[in-house]
Amino acid sequence: MSRLGTIGAKLYRGEIGYDFVGKRKLWYGISILITITAIVGLAVRGLTMGIEFEGGAVFTTDKTTHVSASVQQIQEDAVAASGHDAIVQKLGDGSVRIQIAGIDTTQSDKIQAELAKDLNVPANKINADLVGPSWGETVANKAWTGLAVFMVLVVIYLAIAFEWRMAIAALIALIHDLTITVGVYALVGFEVTPGTVIGLLTILGYSLYDTVVVFDSLKEGGKDLTKQTRWTYSEMANRSLNGTLVRSINTTIVALLPVAGLLFIGGGVLGAGMINDISLSLFVGLAAGAYSSIFIATPLVADFKEREPAMKALKKRVLAKRAAAAAKGETVEDDSSTAGDDEPFDDEPETAVVGQRQQPVRGRGKRR
Amino acid sequence: MAAPNKGRRPAGAPGKPGRSLLLILIAMVALGGGMFLGGHTTPRLGIDLAGGTSITLKAVPQPGKQNAINKTNMDTAVSIIDRRVNGMGVSEAEVQTQGNDNIIVNIPKGTNSKEARDQVGTTAQLYFRQVLTEAAGSPTANPSATPSPSATPSGKSTAKSTGSATPSPTGSSTPQGRAVTDGLKADATPTPSATPTPSASSSASAADAATAAKLQKDFTALDCSSAAARTAAGKGALPTDPIVACSQDGSAKYVLGPAELSGTDVDSAKAAISQQTAAWVVNMDFTGKGSKKFQTTTTKLSKATSPQNQFAIVLDGLVQSAPSVSTTLSGSAEISGSFDQKSAQSLANVLSYGALPLTFHEETATTVSAALGGQQLEAGLIAGAIGLALVIIYLVAYYRGLAAIAILSLAVSGILTYEIMTLLGPGIGFALNLPAVCGAIVAIGITADSFIVYFERVRDEIRHGRTLRPAVERAWPRARRTILVSDFVSFLAAAVLYIVTVGKVQGFAFTLGLTTLLDVVVVFLFTKPVMTLMARTKFFSSGHPWSGLDPKRLGAKPPLRRTRSAASAPTDPKEA
């Protein structure tokens, strides 16, 4: 803690910091590159759709039964029983997973019975998961609806709680996260199942968590910004970002840890299935979400904000003042990252009125 | 909700930590008490964890009737499927709608899943048949136990524009004929030959002694006391054959003639309060074709004597009601009797089902053996334990003493989640399935995130050189706002997910939404008060190195303990 704590303190005071906003072009570039890669990956390789999207059945034997047949043999049996291609997997615990695509739910009982005979396993020890051909589509369609509804609602909400610029920036960051997640799925070739779709939808709320935390301090910082001439909006944004960096990192790590636990169990022990699908897409999406809230969302807000006349005027004043100070030979912090102030954003050296923390009386006095 | 909230009380006031803690303690004890009183101490497990079969059906409207998928129709379908599944002798099978057009059927382990799926998959068969003989439900039953659902049924014409009641001769000279064949013959003759009713001609010709004898034998042997036997009785019979059948509740058994009308002849049916008698009745309207058939049938029935003047409404081989007819009816009819609101609606449901312009497709069917269910539950719990352990390790490593508060808060949140989930089992039929377990695990992160937001705020205040007590209070309003905004966004995502999705996804969304709400409750009523109390202890307020709030380690610059004064001017020395 101590080390990180000190770094946290320095970040908080702005003694050290990374110029996220200043270097935004670089990160926009990187993101655009990643997004293009994702889209190209999606276009070229496409998504590997799970059995839920074409219909079929997954049979899993209980781990209590012992299946002696080899994978190849089981596969031949399955193909013979169903007349369709079959994917056979032996799972870590000795159970067998047989996935047959393209069969009807009505055919499956027959196939199940035949498999039971071939594998020498009682039929009731075989778990069956049958999916009609339109099921995946139903789930996906509802997911799209949900996605659209959520995006509209969240943009409205953020526009009310913060402002529309932040809402738009958050939305772009969100789309960015989803694109990256889908891209990873296309490129790596993970199977897309309804579980994946659930995970993807959950990212929505989650990826915004970090963004909201940063935006909240951004809002505070931006409150009386025009009354001072020390920082431009971008600089203030950058300080907010650095000030909440530790928080963002911590919340992301803490959010990822349980998902990692799920992934480990889902992938490592259960082999496959819904846990794995949900946690995998959550993991990818959360990581992308943490990245985008820091590197994309906030710099975007700064970009939008700097277009406001008030902020343009502020920037002019700030620069003019700095030039004047430089002319006088005063030492001036020309960059937020080197400024050693105690608070990241709410000091007002000129007016010395009030901090932004809703504290009625907290005069600051002159600072220099 | 989360608009910047200028705290009701001054930011610096510590509030009343004791009261909040007491409140949450009472809530925990009350929920726990309710749990034990209700007799359910573990959450109800879903099919994928407990074993069983889960079927998702999707409603498909008949061509040209796209708006047939509506709540009324879906509810009718659910109640019919529910009857049918539970009629197999399965207990605790549950049928519910999900989303707009899906019906989920969950059948616990121990049932023949294949038979269950067959039952669910077939279309409901609703027929109107003439009652030929009626008797008490079981071979040994005493005569007093014979109230059928319509104890004093009487067919009356309703004064609707479509319906025209023609007075019919009562006390007709129809031969008494207790014997089945006699009844059939007697009925067949007066039927106008022009009617399309297949029963008339076919039964008349097929009324040979062998069939009659067999029917009579079946009828005598029929025992309606068990649900399975009731369902088995009327199974597999063709609509054109006479059958034996039990009443829905097993209190009566019948020999029934061939089907006169089928469910598709019913246009609509509604439960209503009769304007004349102020009692519950069921109004039904027939389709054009149905009206003609019904007219024919009632003409015939009204001339017969009891019990042959009754027509039985038979759903899937079970007699739902057997009202008698006294006049000829056509386009619409009113069934009166000793109905209460529930039984009237139930009968109306049955009648409407045949008219539902919906068919159901089996979208998914999952059969999970108890062993796999247990295995999945175990895996989920292990995953949760791993996730929780990782979070705790991280929190302790980073926040030291503060982690204790976080862990306690997580525990409170966990207990509340568990209690509410358990209570919701019997309450609203919530069942913990695998995605719900995933949701709970993912929620560990969301909940812990709130603590982090608060802790970091407190640390920021300490970095300003504040002592702990004011730091805790000053950090709260700002942390509170952040927590509310982000929890609201999470909740919004969960709510949207819950509303628009189907299947197991709902379990996931539900847990996520529930834990997000509880997160707010816990942070407000537990974490914050505990922080306030903790700030009074020496261990934390002195900034013990293990407290996680050591000003030195946090990089606060001296003077460390200034007296707190509102206008302490040059706050922090800075800018060396």
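This is a predicted model: local features need pLDDT of at least 70, side-chain atom pairs count only at pLDDT 80 or more; totals for chains, interfaces and linings use all residues.
Residues are numbered from 1 along each chain as its sequence is written, and chains are lettered from A in the order in which they are written. Local features need pLDDT of at least 70 and side-chain atom pairs count only at pLDDT 80 or more, whereas totals for chains, interfaces and linings use all residues.

**Exercise 1. Chain A in outline**

State how many helices and strands chain A has, and what percentage of its residues is buried.

Solution. Step 1: helices (H or I, at least four residues) and strands (E, at least two) are DSSP runs, numbered from the N terminus. Chain A has 11 helices and six strands.
Step 1: a residue is buried if 20 or more other C-beta atoms lie within 10 Å of its own, exposed if 12 or fewer, and partly exposed in between, with C-beta atoms placed from the backbone. Of the 368 residues in chain A, 53% are buried.
Step 2: two residues are in contact if their C-beta atoms, placed from the backbone, lie within 7 Å. Among the contacts in chain A with a separation of 6 or more, 75% are between residues 24 or more positions apart.

**Exercise 2. Buried or exposed?**

Decide whether Ile156(A) is buried or exposed.

Solution. Step 1: Ile156(A) is located in helix H5 (residues 135-161) of chain A.
Step 1: Ile156(A) has 12 C-beta neighbours inside 10 Å, and therefore counts as exposed.
Step 2: the C-alpha atom of Ile156(A) is separated by 7.5 Å from that of Ala167(A), which is 11 residues apart along the chain.

**Exercise 3. The largest nonpolar core**

Identify the residues that touch the most other members of the largest nonpolar core.

Solution. Step 1: a nonpolar core is a set of buried Ala, Val, Leu, Ile, Met, Phe, Trp, Tyr and Cys residues joined through C-beta atoms within 7 Å.
Step 1: the largest such core has 241 residues, and those touching the most other members are Ala170(A), Val105(B), Tyr254(B) and Val282(B). Helix H14 (residues 468-500) of chain B gives the most to this core, namely 19 residues.
Step 2: when neighbours within four places in sequence are left aside, Ala170(A) is in contact with Leu158(A), Leu208(A), Thr211(A) and Ala297(A).

**Exercise 4. A sheet with strands from both chains**

Give the order of the eight strands in the open sheet, and explain which strands stand at the edges.

Solution. Step 1: two strands pair if DSSP finds at least two bridges between them. The order is S3(A)-S4(A)-S2(A)-S5(A)-S13(B)-S1(B)-S3(B)-S2(B), with antiparallel pairing.
Step 1: strand S3 (86-90) of chain A and strand S2 (94-98) of chain B each have a single partner strand, so they stand at the edges and one side of each is left without a neighbour in the sheet. From one strand to the next the twist averages 20° (axes are lines fitted to C-alpha atoms, and angles run from 0 to 180 degrees between N-to-C directions).
Step 2: within this sheet, six bridges pair strand S2 (residues 56-61) of chain A with strand S5 (residues 126-131) of chain A in the antiparallel sense. Thr61(A) has Ile126(A) as its bridge partner in S5(A).

**Exercise 5. Strand S9 of chain B**

Describe the two faces of S9(B) and its partner strands.

Solution. Step 1: seven of the seven residues of strand S9 (residues 280-286) of chain B are buried.
Step 1: Trp280(B), Val282(B), Met284(B) and Phe286(B) point one way, while Val281(B), Asn283(B) and Asp285(B) point the other way. In a regular strand the side chains alternate between the two faces of the sheet.
Step 2: strand S8 (residues 266-273) of chain B pairs with S9(B) in the antiparallel sense over seven bridges, and Ser268(B) has Asp285(B) as its bridge partner. The hairpin of S8(B) and S9(B) has six residues between the strands, where Ala278(B) takes a positive phi near 60°.
Step 3: S9(B) also runs antiparallel to strand S12 (residues 332-339) of chain B, joined by five bridges. There the bridge partner of Val282(B) is Ile335(B).

**Exercise 6. The span of a helix**

Step 1: just after H11(B), Arg400(B) has a positive phi of about 50°.
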